[in-house]
Amino acid sequence: MSSESPIQAIRLRHPWRNVFAVVLIAGAALFILDAAGRPAYDWPAVAKYVFDRRITQAAVNTLQLTVYSMIIAIVLGVILAIMRLSPNPVVKSVAWFYLWVFRGTPVYVQLVFWGLLSIIYQSIDIGIPFMEPFYSFQTNAALNTFTLAIIGLALNEAAYMAEIVRAGLLSVDRGQEEAATALGMGWIQTMRRVIVPQAMRIIIPPTGNEVISMLKTTSLVTAVPYSFDLYTRSRDISAETFNPIPMLIVASLWYLLFTSILMVGQHFLEKRFARGVGDRRPDKKGSAPTGTGAVPLVTGTQPTVVAPTQTENPPSSPGREGTR
Amino acid sequence: MNASEATGASGHGPIPPMVLAEGVSKSFGSNEVLKGIALEVKRGEVLCLVGPSGSGKSTFLRCINHLEVVSAGRLSVDGELIGYREANGKLYELRPREAARQRRDIGMVFQRFNLFPHMTAMQNVMEAPLRVKGENKALAEQKARDLLDRVGLADREDYFPAHLSGGQQQRVAIARALAMEPKLMLFDEPTSALDPELVGEVLDVMKGLAADGMTMIVVTHEMGFAREVADSLVFMDAGVVVETGDPAEVLANPQHQRTRAFFSKVL
């Protein structure tokens with residue numbers, strides 16, 4: 001193997017790729033040049049409003065709506081997923097019914113319902129039925145539209161999260177649970193230490209998707225009606241200025257910024273939970289023994305010419321075969 | 001067998017066998033997999049369970065640590081009934097927590113290793129002592145290191161299972177089971193998923209365990225291992241024990257027609 005000199009071949013050319021790229025770039029440049037001069041976009045107005053106090057405050061509100069409702073949705077989703085996988089038929093049916101209702105009706109309709117909560121139930125009593133309640137509060141006073149918006153978004157999203165979590169839990173090999181059980185680990189320990197960490201790899205990508213989707217769904221909270229989110233606020237401003245297009249651009253820019261940040265976060269989470277399945281070698285580079293006795297046998301991809309890039313390797317990693 | 005007298009010093013009264021099965025039956029729906037298994041495994045004994053696939057060997061093994069629930073009969077480990085508590089002539093199902101406590105003392109090694117892929121070899125071995133026994137980290141680490149050394153993998157402690165060969169993974173799995181200091185080890189076809197050249201390294205570890213006096217029940221197709229290491233050989237077919245005895249004798253001179261037919265195929 002080592003006696004041969006490395007192959008010196010002329011690399012395969014891909015002329016059409018370059019042609020296509022040039023055409024695309026030219027098209028994009030034309031579009032941008034045109035857009036820059038077009039009065040309808042009204043760039044000065046965009047620049048004026050993008051950091052307007054009302055807009056930045058609305059951006060913070062949108063972010064809060066997203067984060068709070070996603071946190072509740074994930075917690076509730078995990079509970080629902082575990083309920084659906086429970087051997088207890090009562091618990092199972094409750095979870096099924098929840099999913100049926102909250103997945104089966106549009107989120108917009110649900111948000112309108114939550115907005116009308118104080119009309120349907122003027123006061124909420126906590127206590128034992130037919131007895132004096134321990135605690136009673138006026139729905140109107142206790143729950144403002146912001147809270148109702150979060151409740152509405154979270155309960156709807158929880159139904160979807162439940163399915164994502166359930167798929168993740170089911171993706172983990174049955175043998176893992178058996179091995180943990182055989183070691184004397186309890187059910188909660190098995191879930192927390194063995195099943196969930198492995199399920200996370202399956203759960204995170206679609207959850208990232210859901211977070212981004214939620215960020216945009218917050219624009220529906222006007223149904224509650226809550227009107228201080230990014231989209232509703234920018235629309236309200238354009239109603240005063242009679243100039244809607246720059247306000248749409250302003251809102252889009254903020255949504256894009258948040259989405260980009262979320263995507264970066266997702267990337268790092270995915271890396272964290274790829275432990276043991278990626279192509280990574282033991283962390284300790286220097287002390288890891290590689291020359292002793294039996295070299296790891298599963299590796300088939302020893303780099304020959306190019307140095308391996310440290311970051312991401314193609315999915316042909318040996319880990320795939322190893323985990324079955 | 002040899003260790004049975006040695007451990008008999010403690011306690012009073014007759015020492016119960018490590019495993020005692022009386023009329024153990026198991027059905028999955030209408031499919032009766034085990035039909036009245038009677039079996040005794042003494043302390044320090046190595047018992048090999050052989051037979052054609054589908055004969056119920058693995059199911060019986062899984063009943064011993066309550067991964068499967070016995071449908072009829074009694075199964076006890078070290079004198080303690082598995083999966084049930086007996087009071088006033090009635091059997092009560094154990095709570096999950098109590099069943100988990102029984103399993104702690106019974107190590108199990110699976111055909112497909114079932115190592116935790118998101119943990120290194122070291123973390124796999126330390127997991128149960130840390131989480132189940134609540135050992136402190138330094139002690140668990142020291143013990144795990146010793147165990148990995150014992151199975152010949154001292155230099156692989158930071159490797160994830162995906163970066164270990166099948167034989168190495170199975171040896172880590174054995175170390176992981178030993179970390180709970182079990183009084184009984186169950187092996188469910190530990191070498192069946194291995195490439196032929198890797199079988200030897202796993203069997204060597206098991207031989208070492210047997211020599212140290214560990215009580216072991218091994219479901220296997222390795223007749224050489226059975227002949228060399230086992231104290232007794234049990235041949236199962238269609239959910240019943242067909243023949244049992246000294247391995248060399250049973251292998252050389254099977255009494256039963258079905259045993260003979262099976263050995264003529266595998267030997």
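**Reading a two-chain model, feature by feature**

Tutor: Let's start in chain A: Thr218(A) sits in the loop between H10 and H11. The H labels are DSSP runs numbered from the N terminus, with helices (H or I) needing at least four residues and strands (E) at least two. Before going on, note that this is a predicted model, where local features need pLDDT of at least 70, side-chain atom pairs count only at pLDDT 80 or more, and totals for chains, interfaces and linings use all residues. Residues are numbered from 1 along each chain as its sequence is written, chains are lettered from A and ligands numbered from 1 in the order in which they are written, and side-chain values use heavy atoms, with hydrogens and water left out.

Student: Okay, so is Thr218(A) buried or exposed?

Tutor: Buried means under 20% relative accessible area, exposed means over 50%, and partly exposed is in between (1.4 Å probe, protein chains only). Thr218(A) has a relative accessible area of 0%, so it counts as buried.

Student: Which residues is Thr218(A) in contact with?

Tutor: A contact means heavy atoms within 4.5 Å. Leaving out neighbours within four places in sequence, Thr218(A) contacts Thr62(A), Leu65(A), Thr66(A), Leu153(A), Asp229(A) and Tyr255(A).

Student: Let's follow one of those. Where does Thr62(A) lie?

Tutor: Thr62(A) is in helix H3 of chain A, residues 53–85. Thr62(A) is buried too, at 0% relative accessibility. Again skipping residues up to four places away in sequence, its contacts are Leu215(A), Thr218(A), Asp229(A), Leu230(A) and Tyr255(A).

Student: What joins Val224(A) and Pro225(A)?

Tutor: Look at omega for that one. A cis peptide bond links the pair, with omega about 10°. Pro225(A) belongs to the loop between helix H10 (187–217) and helix H11 (230–241) of chain A.

Student: And Leu116(A): buried, partly exposed or exposed?

Tutor: Leu116(A) is partly exposed, with a relative accessible area of 39%. You'll find Leu116(A) in the loop between helix H5 (107–115) and helix H6 (117–120) of chain A. Its C-alpha atom is 9.8 Å from that of Asn140(A), a residue 24 places apart from Leu116(A) along the chain.

Student: Over to chain B. How many helices and strands are there in chain B?

Tutor: Chain B has 10 helices and 12 strands.

Student: What share of the residues of chain B count as buried?

Tutor: Of its 267 residues, 55% do. Sequence separation is worth a look as well: among contacts in chain B between residues at least 6 apart in sequence, 64% join residues at least 24 apart.

Student: Which residues have a positive phi in chain B without being a glycine?

Tutor: Asn114(B) is one of them, with phi of about 50°. Asn114(B) lies in the loop between strand E8 (106–109) and helix H4 (121–131), and is buried, with a relative accessible area of 7%. Glu181(B) also has a positive phi of about 50°, this time in the loop between helix H6 (166–178) and strand E9 (184–188).

Student: What does Ala121(B) touch?

Tutor: Ala121(B) is in helix H4 and is buried, with a relative accessible area of 1%. Not counting residues up to four places away in sequence, Ala121(B) touches Leu148(B), Arg156(B), Glu157(B), Tyr159(B), Leu164(B) and Val172(B).

Student: Last one: how many disulfides does the structure hold?

Tutor: In general, a disulfide is a covalent bond between the sulfur atoms of two cysteines. The cut-off here is a pair of cysteine sulfur atoms within 2.5 Å, and over all chains the structure holds zero. Take Cys48(B): the closest cysteine sulfur, in Cys63(B), is 19 Å away from its own, too far for a bond. Cys48(B) is buried at 0% relative accessibility, and Cys63(B) is buried at 1%.
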